[in-house]
Amino acid sequence: MSSAAITVSLEDLKNGYVTFQTLEKAFGPDSLGIIIVKDVPEEFAQLRHRLLTYSSYLGNLPEFRLAKIENPGSKYLTGWSRGKETLKNGQVDFLKGSFYANCAFYVDPSLDCAVPTDDFSPDNFPEYLSPNLWPGDTTIPGFKETFEDLCRLIIDTGVLVAKACDKYAEQEIEGYQKGYLEHVVKTSTTTKARLLHYFPAEFTKENAGELNDDDWCATHVDHGCLTGLTSAMFINETRQVPAIPMGYAYNPRFLPTLAELPTSPDPTAGLYIHSRSGQTVQVKIPRDCIAFQTGEALERITKGKFKAVPHYVRGVRPGIADGENQGGKIARNTLAVFTQPNLDEIVDSEQGITFGEFARGVVEKNTTK
């Protein structure tokens with residue numbers, strides 16, 4: 001098995017030139033479960049930089065402003081949250097904050113959440129059927145616009161990855177419904193996006209020995225189909241203070257972007273994947289590329305042909321960083337877009353399980369840990 005992530009070009013996806021062998025290397029039983037797409041549209045880089053900058057602005061807003069965009073009723077699966085999850089050691093996770101948004105706008109700009117079904121309503125499944133909560137333009141100008149534009153671009157690319165997967169599955173999986181994954185990604189109102197802000201951790205000599213490899217995000221498997229990922233942005237928040245400038249006039253369309261560190265100040269920090277062969281591999285996504293990772297729903301849909309793999313995020317260790325970044329408070333920002341079937345779409349044909357039933361079980365398991 002290769003220890004490097006598989007890379008394909010957007011043009012090859014558009015033209016159907018991605019081979020079955022390439023897909024097996026990217027998503028198959030012995031893979032890392034991730035593919036990197038290069039040569040994406042030029043506007044991606046600008047949208048990525050702006051939205052990941054906004055992640056630092058958001059994470060450093062006053063508590064009273066953040067409270068306005070929290071939604072406990074949705075189990076924090078819309079809006080802002082911090083300190084609402086627990087790590088594997090049982091400690092409350094204050095190391096990262098996240099902002100969830102429904103991506104139903106991709107299908108219909110008038111939609112603010114998934115479309116209800118006979119079995120799933122806002123009353124019995126608010127995790128997916130609660131409307132979005134956005135910081136207003138008087139708080140972070142252009143946040144909603146930037147978020148939606150970047151998600152649309154990532155989902156557009158995900159549609160092409162799905163189309164390639166369908167071509168493979170139609171030949172390799174008996175009874176596979178033609179064009180199913182492309183249909184799922186293109187028409188789903190259930191897709192969610194999560195903007196993440198990993199706060200600079202306060203480490204001391206006393207607790208340094210207690211650090212875990214997955215201190216920034218514990219080992220887990222995504223439960224959707226394809227998870228679109230941007231590369232991480234590392235910001236020295238000591239030098240680039242993520243505070244809205246005093247006296248800032250709210251007539252500009254966007255806030256100023258923050259300077260991104262040229263590389264991670266700690267080469268060991270970032271995304272790690274546990275491969276099926278027992279290896280743990282660090283995966284680095286180039287800034288001008290979009291990565292797509294497999295989830296549990298895709299594994300079920302493809303009857304195990306494409307495997308979801310466990311992964312985690314390792315934090316920056318103070319004192320390891322080089323040069324001018326040493327001793328600074330280093331934050332990590334990234335965006336994940338979880339493409340998922342509509343609530344009534346079947347993800348397990350053998351057991352007749354819909355994505356809504358599957359997702360409800362995952363949510364219940366995660367909230368009862």
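In the predicted model, C289 is in contact with I36, V37, K38, F44 and L229, leaving aside residues up to four places away in sequence. C289 belongs to the loop that runs between strands β10 (280-283) and β11 (290-294). The relative accessible area of C289 is 5%; because the limit for a buried residue is under 20%, C289 counts as buried.

A helix pair is formed by α6 (residues 143-172) and α7 (residues 180-187), whose axes come within 7 Å and cross at roughly 165 degrees. Since angles over 145 degrees count as roughly antiparallel, α6 and α7 are therefore roughly antiparallel to each other. The crossing of the two helices, α6 and α7, is right-handed. On the α6 side, the contact involves I155, G158, V159, A162, K163, C165 and D166; α7 contributes Y180, L181, E182, V185 and K186. Sorted by class, the residues in the contact of α6 with α7 comprise seven nonpolar, four charged and one polar.

For the chain as a whole, the secondary structure consists of nine helices and 15 strands. The chain has 369 residues, 55% of which count as buried. Among contacts with a separation of 6 or more, 79% are between residues 24 or more positions apart.

Note on methods: Residues numbered from 1 in each chain as written. Predicted model: local features only at pLDDT ≥ 70, side-chain atom pairs only at ≥ 80, totals over all residues. Heavy atoms only, no water. Helix = DSSP H or I, 4+ residues; strand = E, 2+ residues; numbered from the N terminus. Buried < 20%, exposed > 50% of the residue type's maximum accessible area, 1.4 Å probe, protein only. Contact = heavy atoms within 4.5 Å. Axes fitted to C-alpha atoms, helices over the stretch in contact; angles between N-to-C directions. Parallel < 35°, antiparallel > 145°, perpendicular 65-115°, else oblique. Left-handed = near helix turned anticlockwise from the far one by under 90°. Nonpolar A, V, L, I, M, F, W, Y, C, P; charged D, E, K, R; others polar.
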